Amino acid sequence: MTIRLLPPEVAGKIAAGEVVERPASVVKELVENGIDAGATEIRVEIREGGRHLIRVADNGCGIPADEVSLAFARHATSKLADVTDLDHISSLGFRGEALASIAAVSQVTLLTRPRMQTVGKYLRVEGGQIEREEGRGCPAGTVVTAERLFYNVPARKKFLRQPQTEAGHIHDVVSHYALAYSNIRFSLTADGRQTFQSTGSGKLHDVLIAMYGLEVAEQMLEIEGADVSDDAEGERPSSSAPAISGFIGSPSLHRANRRYLSFFVNQRWIQDRSLAHAVAQAYHTLLPVGRHPVAVLLLAMDPGEVDVNVHPTKREVRFRDGRKVFSAVQRAVRHTLLRRAPVPAMAHSPRTWPAPEWERRQSLVSARQGEPASTQAAMELFRPIATEAKPGEELQPVGPVRLPLLRVVGQVGQTYVVAEGPQGMYLIDQHAAHERVLYEQTMGERSQEAISSQTLLEPLMLDLDPLLAGVMAEQLTMLNQVGFALEPFGGTSYLIRAVPAILAVPDIRTAFLDILEMLRLGDDPLAAQAEERLVAAVCKRAAIKAGQTLSHEEMHELVRQLEQCESPRTCPHGRPTVLHFSVEQLEKEFGRK
Ligand code: ADP
Ligand code: MG
C-alpha cells in the first residue's frame, strides 16, 4: 500500500475515539464546557444510558452567533491564546477537541444564546458536517444534544455496556463535578426520572448527602487545616504545597475498593494512584486489612505546579513536586483522623505472624544465613504444585488431581492450615480452600436447582447508588437464581428477603454491597460465564477469611470437604489452595540426601 493522507472524516473519528470513549465521556466534556461558561445551573438528561440521547443544558455565557460554527472545528477554543497559556491553565477545557469529537461520532444539535443577544443560534451537525444553521429564540445559555452516539462507529458501539451500567458511569461524572463545584446546581435525569440533584448551596457536605446518602455523610469528618505549630516534622506548608480541604470517612466507614476515594486538583476530578496511596497510608492500622476508606479531597494549588495536559481526557495530571503533594495529603488526612477520630490502632494486623518469638527468630535466621541463598531456597520450597507438566519439562512430584487423605497438624499465621499426607507436608490457604468448597457445593446445588437459601427474619432495605444499581439491574434475574430473593422497591432501592445459606453472615448489607462491587469490576461481557462468576463472588465473600483462628475441628472439616472437591487445588479464581512439600524435597532441604 502507498502512503496516503487519511480523509478528514476518518482522521476525525480516530481522534474522537481518544476523547469519547463512552457516553459518560460526552457528559464529562459538555458539563466541563458549562462550568467553563460560568453556569450556576447545569442540567443533564440521558436516555438509554446515553446511547440514545445525551442533553446538557447550562445557563452560562453562551456562544456568540458568529462563532458557533467555529466551535465545532477541531482545535478551536476560546480558552487558550498561545503556548504560554499552557503553563497556567485555569479552565477545564483548553484543547478545543470536545465538540469536534462528539460531533464526529454522533448527531449533535446546539442551541445557544449569550445574555446580551436577543436571538439565539441553532446548529445541527451530523458526522462532523454542519447540516443546518439558523437563528432561533431560546433562553440564555447553551443546550447541547448528542443523539445516537457511535451510530457511525459500529466497532465502538459494540463495546457499549448495558444502559444501566453506562448510566452509572454518567452518574459518577455528574456527582463528582457536583462535589468539585458545590456552588453549581446539578441535576441528572435518566429516562425521565431524576436520579441526582445537588443544591448549589456551596456546601460540600450537602453534595455528600446527595451523593452517598445521610447515613454515610454523617460519618465523614471535615479535613482540618494542618496546624503548623503542632506539626512534629516542622515542615511548613510552602507555596508549592497544595491547600487541602474536603471530607474523609471515619475509620468505621470502609469499602471493598477504592471507588469511594475522590481527588480533585483545582476543581478537576483526577485519578492518581500515589494520592490514593497517601490516603491509605494515613489510615494505616485504622482500617481492617483489605478495606478502603471513603474520602473526598480537594487540592488547591498554583496551576504552574501541575500539568493537566497529559492525556486527552485530562483525568491524569503530573505534579511538579509529587513528593510534596503526597506528603501534604497524607498529613492532612492523618492529622484529621488523629484529631477527630481518636480510634485506637488495631492490636495487631492480621497479616503478621502471631507467634510471639517469630520476628526475633526470623531475624536471627536471616542474620546467620546469606539473604539471597535463603530466599532462593524458600522460593524453591514454596513453589506451587504443578498441575500439568509442560512438554520438555521434567515432571515435578505432581500429586493426583484429587487430594490424598490428610491429617491436620495445626494452623500458622491464622491463615494456613498445616497438614500431613502420605506424600509429605501440605500447606492449605484457608480462605482459598473454603472458597473452592463453597463454590463446588453451590454449583452442585445449582445444577439440581436446589440452592439452599436463608430467608431473613426481616427483609433488608438497600438503597443503592446508581452505579451499583446498574449492576443490580443487570444481574437481578441471575442473583435470584442463585439463592437470593431480591425485589425492586422503587428507584434504586431493593429489598433483600433471602440470601444463599452460605452467605448468612453477620453483616449481610456490607457483604451484599461487596458482592455487587466484585460483579461491577468483573467487566467481562462473556455471558456464558456470568453465572459462575456470580457464584464465585458470593463464595469469595462467604468464605473464611485469612487472619481467622480456626479450631482443630473446623480445620479438620475444611480439609475433609476440600478432599471431596472435584478440583481441590485451585480456588474458583485460579489461585492455588494447597502447596505441597514432598518428602524428598524436605529431605533434600535438610541435607538428609
Ligand atoms: P474547549 O472546551 O477545550 O475549548 P470545546 O470543543 O469543548 O473545546 O469547545 C470549543 C469552544 O466552544 C469553547 O472554547 C467555548 O468557547 C465554546 N463553548 C463550548 N461549549 C460551550 C458552552 N456550554 N457555553 C459557552 N461556550 C461554549
Ligand atoms: Mg470543552
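How many bridges hold strand E18 and strand E19 together, and in which sense do they pair? I started my notebook there.

**Ground rules.** I am working with a predicted model, where local features need pLDDT of at least 70, side-chain atom pairs count only at pLDDT 80 or more, and totals for chains, interfaces and linings use all residues. Residues are numbered from 1 along each chain as its sequence is written, chains are lettered from A and ligands numbered from 1 in the order in which they are written, and side-chain values use heavy atoms, without hydrogens and water.

**Strands.** I found E18 (residues 407-412) and E19 (residues 416-421) antiparallel, over five bridges. Strands (E, at least two residues) and helices (H or I, at least four) are DSSP runs numbered from the N terminus, and two strands pair if DSSP finds at least two bridges between them. Arg407 has Glu420 of E19 as its bridge partner, and Glu420 in turn is bridged to Met425 in E20. I also noted Gly413 in the E18-E19 hairpin, with a positive phi near 60°.

**Rings.** I looked up aromatic pairs (Phe, Tyr or six-membered Trp ring centres within 6.5 Å; planes under 30 degrees apart stacked, over 60 edge-to-face, the rest tilted), and there are two. Tyr212 and Tyr260 have ring centres 5.8 Å apart and planes at 45°, so this pair is tilted. Both tyrosines, Tyr212 and Tyr260, are buried (under 20% relative accessible area, with exposed over 50% and partly exposed in between; 1.4 Å probe, protein chains only). Phe484 and Phe512 sit 5.4 Å apart by ring centre with planes at 70°, so I logged them as edge-to-face.
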